[in-house]
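Student: I have a structure open on my screen. Can you show me how to read it?

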Amino acid sequence: MPPLLRYPSVDELGIRAAALVERRPRDTRLRRVGTSRAGLPLWLLSVGHGSRQVLVVAGPHANEPVGGATALRLAERALADPRLCDGADATWNLLLCLDPDGARRNEGWLSGPYTLGHYFRNFFRPGFLEQPEWLPDGAAGATLPETRALLDLQDELRPFFQCSLHGVDVGGGFVELTRELPGLAPRLAHTAARLGIPLELGPYDTLYWPTLGPAVYRIPPPRHADLAAAITEAAVESTWFHPHRYGTVTAIVEAPMWGVQAVGDASPPADADGVLRAVSRTLRRDTRLLEGLLLRIRPGLGTTGDTARLLAPVDDYLLVCPGLADSWDPDTDTDDGAHPLPPLDTARLTALRISARRIALRTAGLLHRLVTAAGRDPSGALPDLDRLIDAWCADYHDGHQARWIPVARQVEYQARVVLHAFELAGRRAPVERSGARRVGTPTARAEAPFE
């Protein structure tokens with residue numbers, strides 16, 4: 001397979017998978033396992049005929065396209081190396097894109113140019129209630145067709161290993177696990193070093209989670225939570241834990257688009273409280289600016305479904321910003337049950353600064369799309385939005401030295417990490433499992449193909 005120079009679109013994923021099946025019809029199958037809200041197919045590419053099922057979920061977040069390309073790379077690897085299928089008695093089931101509707105809305109930046117400004121001006125990610133991996137009302141209450149299709153697939157396959165492929169726009173790589181996989185952290189570090197991928201030693205998502213090793217985190221048991229807690233703590237009911245009853249290990253593998261070396265700096269900061277005060281103050285200021293722009297823009301917007309879909313995440317982001325700023329501010333005493341911050345090294349402080357800037361940039365980018373889609377700007381907000389986006393992207397580029405990681409390297413990194421986790425999960429798979437015809441650990445350790 002030639003090196004990837006850009007991300008494939010949703011349509012290209014299906015076309016390339018179909019071509020693979022035509023080339024290797026005995027070893028591969030392609031079937032439609034569901035339909036999106038907009039009528040797009042949810043394609044499952046399966047490789048191998050083993051009794052032990054692997055489920056790889058690509059594209060769960062609309063703005064994270066690396067997973068689809070990684071899924072195709074994994075299919076090619078599984079076909080090329082018999083130790084990954086026959087040798088492990090495994091079948092690889094690759095869901096090419098869980099949210100094709102959202103992915104379509106990101107196609108304005110998928111083929112480049114890969115600049116921060118172009119990315120954020122064409123960014124889309126649905127509101128929290130429309131993200132298919134999240135189960136705000138539990139599995140029984142799931143209503144999104146994409147979510148129902150994934151839940152049904154999990155119950156059908158009962159995988160011993162499930163992997164959800166995610167992307168970090170700015171920061172570093174890391175892995176989140178529902179069950180521990182001893183030995184993964186050193187393999188992750190080795191792979192990241194070989195490919196020049198920074199590892200994130202304190203991502204905001206995992207601020208309150210147990211650490212299993214550098215850049216490897218244990219997802220706490222899910223709980224019911226309100227929207228603000230779901231966005232800021234992420235320990236909520238999700239499809240990550242749904243197959244837990246089958247003994248499944250779920251790994252969330254995050255691959256960065258723009259890397260920042262400081263997210264891997266475990267040194268003690270000179271003035272952690274000073275940084276926190278500055279981050280909180282900046283987030284409050286940015287929120288006020290964005291709220292003012294939204295007030296100017298909203299009256300001129302239509303009432304179409306597209307407008308509502310773009311406004312939903314804007315409202316979500318602006319909802320949580322004040323609480324975030326308060327929870328980070330060492331001078332603010334909150335009595336709302338929020339967790340106290342853990343000890344903060346340079347890596348965690350960098351992650352907090354990146355997160356605060358990210359939420360502001362995403363909001364500004366969505367507002368920019370709203371005005372552009374409306375075809376008119378009676379409030380004159382577009383120049384102000386362009387100024388903010390340019391300034392905040394410059395902060396990422398100059399203040400954090402964020403540097404683009406080529407698509408091929410992102411994909412290779414993510415694929416290698418998945419293969420490491422697969423091999424380790426195979427070692428810990430139970431001897432007997434409901435729904436399995438024949439279970440066993442891999443017949444070969446298969447170290448070589450994971451590098």
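This is a predicted model: local features need pLDDT of at least 70, side-chain atom pairs count only at pLDDT 80 or more; totals for chains, interfaces and linings use all residues.

Student: How many residues are in contact between the domains?

Tutor: Count each side on its own. Domain 1 brings 34 residues and domain 2 brings 38. The area buried between the two domains is about 3,000 Å². Carbon and sulfur atoms give 61% of that area.

Student: Which three residues supply more than any others of the area that domain 1 buries against domain 2?

Tutor: They are Arg105, Phe120 and Arg121, and together they supply 24% of it.

Student: Now helices. At what angle do α9 and α12 pack?

Tutor: Read the angle and the distance together. Helix α9 (residues 272-297) meets helix α12 (residues 382-399) at about 155°, and their axes are 11 Å apart. An angle over 145 degrees counts as roughly antiparallel, so α9 is roughly antiparallel to α12. Their crossing is left-handed.

Student: Which residues make the contact?

Tutor: From α9, they include Leu289, Leu290 and Leu293. From α12, Leu388 and Trp392 are among them. The contact of α9 with α12 has 7 nonpolar residues, no polar ones and 4 charged.

Student: How do α11 and α12 cross?

Tutor: Helix α11 (residues 346-374) crosses α12 at roughly 150°, and the axes come within 10 Å. The two are therefore roughly antiparallel to each other. This crossing is left-handed. The contact includes Leu361, Ala364 and Val371 of α11, with Leu385, Ile389 and Trp392 of α12. It divides into 12 nonpolar, 3 polar and 4 charged residues.

Student: What should I look for in the backbone?

Tutor: Look for exceptions. Most residues other than glycine have a negative phi, and most peptide bonds are trans.

Student: Which peptide bond is cis here?

Tutor: The one from glycine 112 to proline 113, with omega near 0°. Proline 113 sits in the loop between α4 (107-110) and α5 (116-121).

Student: Which residue has a positive phi although it is not a glycine?

Tutor: Aspartate 89, with a phi of about 50°. Find aspartate 89 in the loop between α2 (66-80) and β4 (90-95).

Definitions and conventions
Residues are numbered from 1 along each chain as its sequence is written. Side-chain values use heavy atoms; hydrogens and water are left out. Axes are lines fitted to C-alpha atoms, for helices over the stretch in contact, and angles run from 0 to 180 degrees between N-to-C directions. Helices (H or I, at least four residues) and strands (E, at least two) are DSSP runs, numbered from the N terminus. Angles under 35 degrees count as roughly parallel, over 145 as roughly antiparallel, 65 to 115 as roughly perpendicular and the rest as oblique. A crossing is left-handed if the near helix is turned anticlockwise from the far one by less than a right angle, and right-handed if clockwise. Contact means heavy atoms within 4.5 Å. Ala, Val, Leu, Ile, Met, Phe, Trp, Tyr, Cys and Pro count as nonpolar, Asp, Glu, Lys and Arg as charged, and the others, Gly among them, as polar. Buried area is the accessible area (1.4 Å probe) that two parts lose on being put together, summed over both.
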